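Subject: Structure handover

Hi,

Here is the structure I promised to pass on. Have a look through it first, and my notes follow below.

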Amino acid sequence: MNAPVTLSSTYVLGDVDADTPVYGRVDNATWQACEEVIGRLEGRPDGATLFASGMAAISATMAQVPAGGLVVLPLAAYNTTHSLADTLSEQGRLRTVRVDVADTGAVQQLLVAEPVAMLWLESPTNPLLEIVDVEACAALGRAAGALVVVDNTFATPLLQQPLSLGADVVVHSVTKYLAGHSDVVLGATVAANAGLAERLRRHRTLHGAIPGPWEAWLALRGIRTLAVRLDRAQASAEVLASRLADHPAVTRVRHPSLPDDPGHQRARAQMRGFGAVVSIELADADAADAVSRAVRLWVAATSLGGVESTLERRRRHANEPVAVPESLLRLSVGVEDVEDLWADLDAALRSVR
Ligand code: PLP
């Protein structure tokens with residue numbers, strides 16, 4: 001039933017068929033098994049490349065920008081994606097510009113203003129949960145000659161397949177929902193065409209940010225239950241979001257399931273579910289920190305997408321984009337009983353009012 005964990009740095013020459021790797025930095029049978037699954041999930045069976053982390057996948061993708069090329073990024077997205085782009089910009093490797101990616105008109109204006117090498121999208125964005133019109137933005141980006149990238153970590157391929165909406169590359173932090181058990185750090189790219197997939201694989205071989213076979217195996221094991229974990233977690237997220245919207249300690253709830261959320265209609269049209277991350281804003285940063293300390297079932301921890309529910313005040317990170325409010329708590333809803341989750345959160349929120 002299971003692809004074995006292949007632990008070998010080298011392979012006996014002459015004793016192998018054409019598909020067997022020759023060296024462990026170039027390829028590995030357990031990676032291949034995991035890549036096939038992720039590739040199939042994103043609609044490109046041969047398009048996936050596994051990396052040592054989500055950031056290694058992101059770094060390999062940004063490396064596709066020609067020297068001095070302009071990269072368009074969301075105003076707020078995963079903080080280390082921003083830090084990487086800023087570092088590459090300080091080094092003179094590329095240039096960056098930020099735009100409100102939920103505003104398709106603003107994206108269009110930027111794309112016609114000057115040549116853009118890469119359009120970097122996240123949807124839903126981390127942690128503001130804004131919904132990008134991926135199809136419209138991808139069409140605009142490609143028409144402008146840009147490589148269109150979508151970080152699909154929050155949605156997972158079960159909720160949306162950006163390549164079918166016109167993106168060139170999907171990146172994943174497999175660490176999150178795909179692996180799903182807070183025990184693996186892993187990343188992946190999935191490319192829309194063979195040439196791009198080959199360039200990303202070559203980058204991995206040359207730069208050496210290779211995954212471990214055990215991590216690939218654990219991800220395969222996690223992906224088997226992705227659908228049931230996500231179904232449960234996002235059903236609970238909807239219940240919690242609607243109750244939090246009426247909570248006296250909460251000033252704003254961000255979740256695309258809410259009918260008055262700015263991304264609601266777009267998410268309904270584009271996604272097969274609203275996802276299991278909910279962001280809330282409180283009176284101030286102190287209140288958010290106090291909630292993080294008061295919870296007993298929820299775990300105050302970074303990261304997301306595991307079976308355990310976690311929460312974190314994102315602005316505690318120095319590199320969090322300033323567009324993220326100081327009081328914002330990002331909740332990653334896991335698979336625990338929703339009433340237990342509500343009781344714990346409600347009690348923690350009441351204790352700081
Ligand atoms: N993309 C998103 C949306 C993330 O939330 C993260 C990590 O939090 C990453 C990428 C980076 O992935 P990794 O931590 O696996 O390097």
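L13, V22, Y23 and V26 make a nonpolar patch of about 390 Å². Patches here are built from residues with over 30% relative accessible area and no salt bridge, joining like charges within 9 Å and nonpolar side chains (Val, Leu, Ile, Met, Phe, Trp, Tyr) within 5 Å. A salt bridge needs a side-chain nitrogen of Lys or Arg within 4 Å of a carboxyl oxygen of Asp or Glu, and areas come from the Shrake-Rupley method with a 1.4 Å probe, with only the protein chains shown counting as cover for residues. V26 sits in the segment before α1 (29–41) and is partly exposed, at 37% relative accessible area. (Buried is under 20%, exposed is over 50%, and partly exposed lies in between, using a 1.4 Å probe and protein chains only.)

Before going on, a word on the model: it is predicted, so local features need pLDDT of at least 70 and side-chain atom pairs count only at pLDDT 80 or more, while totals for chains, interfaces and linings use all residues. Residues are numbered from 1 along each chain as its sequence is written, and side-chain values use heavy atoms, leaving out hydrogens and water.

Now the strands. Helices (H or I, at least four residues) and strands (E, at least two) are DSSP runs numbered from the N terminus, and two strands pair if DSSP finds at least two bridges between them. In β1 (residues 48–51), A48 and L50 on one side and T49 and F51 on the other are all buried. β1 runs antiparallel to β7 (residues 187–191), with four bridges joining them; F51 has G187 as its bridge partner there.

There is also an open, mixed sheet of five strands, in the order β8-β9-β12-β11-β10. Its edges are β8 (252–254) and β10 (299–300), each pairing on one side only. On the β10 side, β11 pairs in the parallel sense over two bridges, and A300 partners L311. Both faces of β11 (residues 310–313) are covered: T310 and E312 on one, L311 and R313 on the other, all buried.

Cheers
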